[in-house]
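Dear colleague,

Please find below the sequence and structure that I am handing over to you. My notes on what was found follow directly after.

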Amino acid sequence: MLQIAATALGGHAEATGGGPPPLIGLQLTHSGRWSRPTGTPAPQIAFRHPWLDDQVGATDAHVVTDGWLDDLIGAYARAAVVAHEAGFDFVKVECDSLGLS
């Protein structure tokens with residue numbers, strides 16, 4: 001991540017002759033019910049949805065626990081700290097289908 005930020009800032013400095021640096025951010029995302037970590041559907045949902053569940057084959061077995069969601073929030077917080085330490089100005093968190101938006 002350090003190299004990504006450095007490359008972006010270096011390119012901007014070269015292109016603008018040293019103008020004010022841009023803000024650089026990262027998007028942290030979780031696919032929730034659309035998850036496919038190994039290429040096949042593996043939904044992870046915080047709640048059942050009457051229309052969307054059928055599209056991905058989500059069942060009661062795919063509903064995550066409150067503890068799992070708490071751990072995910074902690075993982076996002078740790079990732080945001082790493083992004084900040086790497087020189088990124090902000091992170092955007094995307095995980096609408098998990099109810100964390």
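Read along the sequence, the chain follows the pattern α-β-α-α-β, with 3 helices and 2 strands, where helices (H or I, at least four residues) and strands (E, at least two) are DSSP runs numbered from the N terminus. The radius of gyration, taken over C-alpha atoms, is 18 Å, well over the 13 Å that the globule rule (2.2 Å times the number of residues to the power 0.38) gives for 101 residues, so the chain is more spread out than a compact globule. Its C-alpha atoms fill a box of roughly 55 × 25 × 25 Å along the principal axes.

Please keep in mind that this is a predicted model, in which local features need pLDDT of at least 70 and side-chain atom pairs count only at pLDDT 80 or more, while totals for chains, interfaces and linings use all residues. Residues are numbered from 1 along each chain as its sequence is written, and side-chain values use heavy atoms, with hydrogens and water left out.

Of the 101 residues in the chain, 22% are buried, that is, under 20% relative accessible area, with exposed meaning over 50% and partly exposed in between (1.4 Å probe, protein chains only). Among contacts (heavy atoms within 4.5 Å) between residues at least 6 apart in sequence, 50% join residues at least 24 apart.

The C-alpha atoms of G67 and H12, which are 55 residues apart along the chain, are separated by 42 Å.
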